[in-house]
Amino acid sequence: MKRLHRQSGPLDLELIPELGGAIGKLTWHGREILRSLPDGQNVTVNQGGCFPLVPYSNRIAHGRFHFAGCDYALLRNFGDHPHSIHGNGWQQPWQEGDADDDSVVLTLHHDAQGASAAQWPWPYRATQRFTLQENALHIILTYHNLAAHAVPAGLGFHPYFPRAAHAEIQFDAGGVVLNDHKSLPTGLVPVPTQWNYRTWRKPEPASVDNCFHHWSGCAWVRWPDEKLMVTLSSPDAPHAILFLPPADRDFIAIEPVSHINDAINNGGFGDPALAMATVPANGQLQISMLLEVSHYA
């Protein structure tokens with residue numbers, strides 16, 4: 001697989017267009033800021049540093065939904081998982097587009113013809129623009145609706161921060177979406193004490209995989225032993241998923257997203273800010289993420 005490299009001062013970025021338009025590596029002064037993709041030929045996109053969520057975030061229950069008078073069925077695209085998850089962009093090769101010394105654009109064309117219509121029933125074009133500074137990476141993800149009518153759509157990012165056992169995190173949100181045993185939303189509650197990271201705390205392994213709604217737009221991950229910190233900001237993403245897996249996986253996922261899980265079916269529980277967007281014909285939806293890296297005293 002071809003790997004694209006960009007560097008700005010001590011910040012080093014590696015992109016792998018063929019592998020879901022994913023980030024394979026992001027380091028600063030040689031230290032991993034995002035998890036690095038393992039070496040080898042049989043790697044998967046969700047072993048890397050970050051991948052785009054397009055044209056929806058998280059799960060669509062059993063791959064089925066109803067829109068504009070029609071019923072749709074999607075591929076269940078993650079092994080024996082019962083739901084469709086994360087859209088199809090993370091499982092398709094992207095193409096290298098415009099580039100210069102500090103930035104690069106990746107593009108995905110989805111024609112919704114034949115078998116691809118089971119991934120998403122409407123055509124679209126997605127772009128990712130990566131721009132580097134000496135201590136920051138800025139990504140803009142855009143969905144361009146190529147259908148002749150309005151369609152639902154959503155976007156997000158799925159970054160993985162390494163060395164969870166040595167990290168602390170901080171972020172704030174208005175509330176959290178509870179899930180049932182099938183990982184589907186059941187309702188909204190205030191953030192419970194065990195999931196409250198308003199002040200710096202070590203992440204608790206295997207404790208949460210939930211969407212936090214109306215978050216502050218910023219989150220922080222720091223590694224005290226290294227005096228290293230990354231600030232994640234996404235002001236146009238109204239929500240974020242916090243995923244803390246079992247300790248042996250040793251990462252933290254903080255995912256800025258445009259809508260809550262299964263919003264295409266639950267309608268955001270009556271809150272338009274939690275629902276998926278409806279993108280007009282020839283319209284677009286956009287979301288951005290900024291990762292700023294620094295040392296701290």
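Q: Which residues does the network of salt bridges link?
A: The network of salt bridges links Arg31, Arg163 and Glu226, where a salt bridge means a side-chain nitrogen of Lys or Arg within 4 Å of a carboxyl oxygen of Asp or Glu. This is a predicted model, in which local features need pLDDT of at least 70 and side-chain atom pairs count only at pLDDT 80 or more, while totals for chains, interfaces and linings use all residues. Residues are numbered from 1 along each chain as its sequence is written, and side-chain values use heavy atoms, with hydrogens and water left out.

Q: OK, and how many salt bridges are there in the whole structure?
A: Searching the whole structure gives eight salt bridges.

Q: What does Arg3 pair with?
A: Arg3 forms a salt bridge with Glu14, at 2.9 Å from N to O. The two sit eleven residues apart, with Arg3 in the segment before β1 (4-8) and Glu14 in strand β2 (residues 11-16); strands are DSSP runs of E with at least two residues, numbered from the N terminus.

Q: Is Glu14 buried or exposed?
A: Glu14 is buried, at 8% relative accessible area, whereas Arg3 is partly exposed at 28%. Buried means under 20% relative accessible area, exposed over 50%, and partly exposed in between, using a 1.4 Å probe and protein chains only.

Q: Switching to Arg201, which residue is its partner?
A: Arg201 pairs with Glu204 in a salt bridge whose closest N and O atoms are 2.5 Å apart. Arg201 is buried at 18% relative accessibility, while Glu204 is partly exposed at 36%.

Notes: Helices (H or I, at least four residues) and strands (E, at least two) are DSSP runs, numbered from the N terminus.
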